[in-house]
Amino acid sequence: MIATQRTGLLFDLDGTLLDSRRKLALDVQAAFAELGTAVSLEEILGLRDWTTAVVGHGYAWKDFKEAFKRVEVPYEKAISDGTARLFPDTISVLAELQKQGYQLALITRSRPELTAEKLRLFELERYFSQVAVTGLDRRKSPNKAREALDVLQAWEKSQPVGLVFVIGDSETDDIGTAHALREQVPMAVKSVYVNRAGQPL
């Protein structure tokens, strides 16, 4: 494929560019402990979806989210203790794609303030022309398509694209978003599944 400015890449963050799996697992474990349930780290690391575990242990998603916010470790500390880091190829790949003239945007489920913190701490802001944060309600998946449409509309005003790749590690969020976009936009849309954790499709 020849890179031109008419190709847009929509990246997911956690699990795709940022290896926060252990940090998030420890936060989930701490949230369950806060609610009064001991859950092993192995069980959490084996999950594809926290919602299933939350419901399986008899908790409402709202209560779990509140407990999670109370106990989650700040990313600055997670970076220093090694539980959150960029994947080794993240910077070199983003820099090369940017150099070749691709349009790069970030679409993530992370809360807006956390997204800003991650981008600042890992010095990723310079690679993305657009950053969009989607809703955290996993019952409405895939819902990244709404934010992806906003990004594409912004690009249309400045640098229109004819081909879009949705790149991420979630079948529902990322591959699902690409499927949803195909029905709503005139440009060609493809998905790239980044399988960092070795999970089968």
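**Notes on the pocket, the cavity and the cores**

1. Start with the second largest pocket: its lining is made up of Leu9, Phe11, Thr16, Leu17, Asp89, Thr90, Val93, Leu97, Ile167, Val192, Val194 and Arg196. Two elements each give two or more residues to this lining, strand 1 (7–11) and helix 6 (90–99), and helix 6 gives the most, with three. (Helices, H or I of at least four residues, and strands, E of at least two, are DSSP runs numbered from the N terminus.)

2. A word on where this comes from. The model is predicted, so local features need pLDDT of at least 70 and side-chain atom pairs count only at pLDDT 80 or more, while totals for chains, interfaces and linings use all residues. Residues are numbered from 1 along each chain as its sequence is written, and side-chain values use heavy atoms, with hydrogens and water left out.

3. By class, the pocket lining has eight nonpolar, two polar and two charged residues. (Ala, Val, Leu, Ile, Met, Phe, Trp, Tyr, Cys and Pro count as nonpolar, Asp, Glu, Lys and Arg as charged, and the others, Gly among them, as polar.)

4. Now for the largest cavity, lined by Leu10, Phe11, Asp12, Ile107, Lys144, Val166, Ile167, Asp174 and Thr177. Strand 1, strand 6 (163–168) and helix 9 (171–182) each give two or more residues to that lining. (On a 1 Å grid over the protein atoms alone, a cavity is a set of points where a 1.4 Å probe fits but cannot get out; a pocket is an open set with protein on both sides within 12 Å along at least five of seven lines; lining residues have an atom within 4 Å of a point.)

5. Is Asp14 buried or exposed? Asp14 counts as buried because its relative accessibility is 17% (buried is under 20% relative accessible area, exposed over 50%, partly exposed in between, with a 1.4 Å probe and protein chains only). You'll find Asp14 in the loop between strand 1 and strand 2 (18–19). Beyond its neighbours within four places in sequence, Asp14 is in contact (heavy atoms within 4.5 Å) with residues including Ser20, Tyr75 and Lys118.

6. Last, look at the largest nonpolar core, which has 24 residues; Leu9, Phe11, Leu94, Leu104, Leu124 and Phe128 touch the most other members. Strand 6 gives the most to this core, with three residues. (A nonpolar core is a set of buried Ala, Val, Leu, Ile, Met, Phe, Trp, Tyr and Cys residues joined through side-chain atoms within 4.5 Å.)
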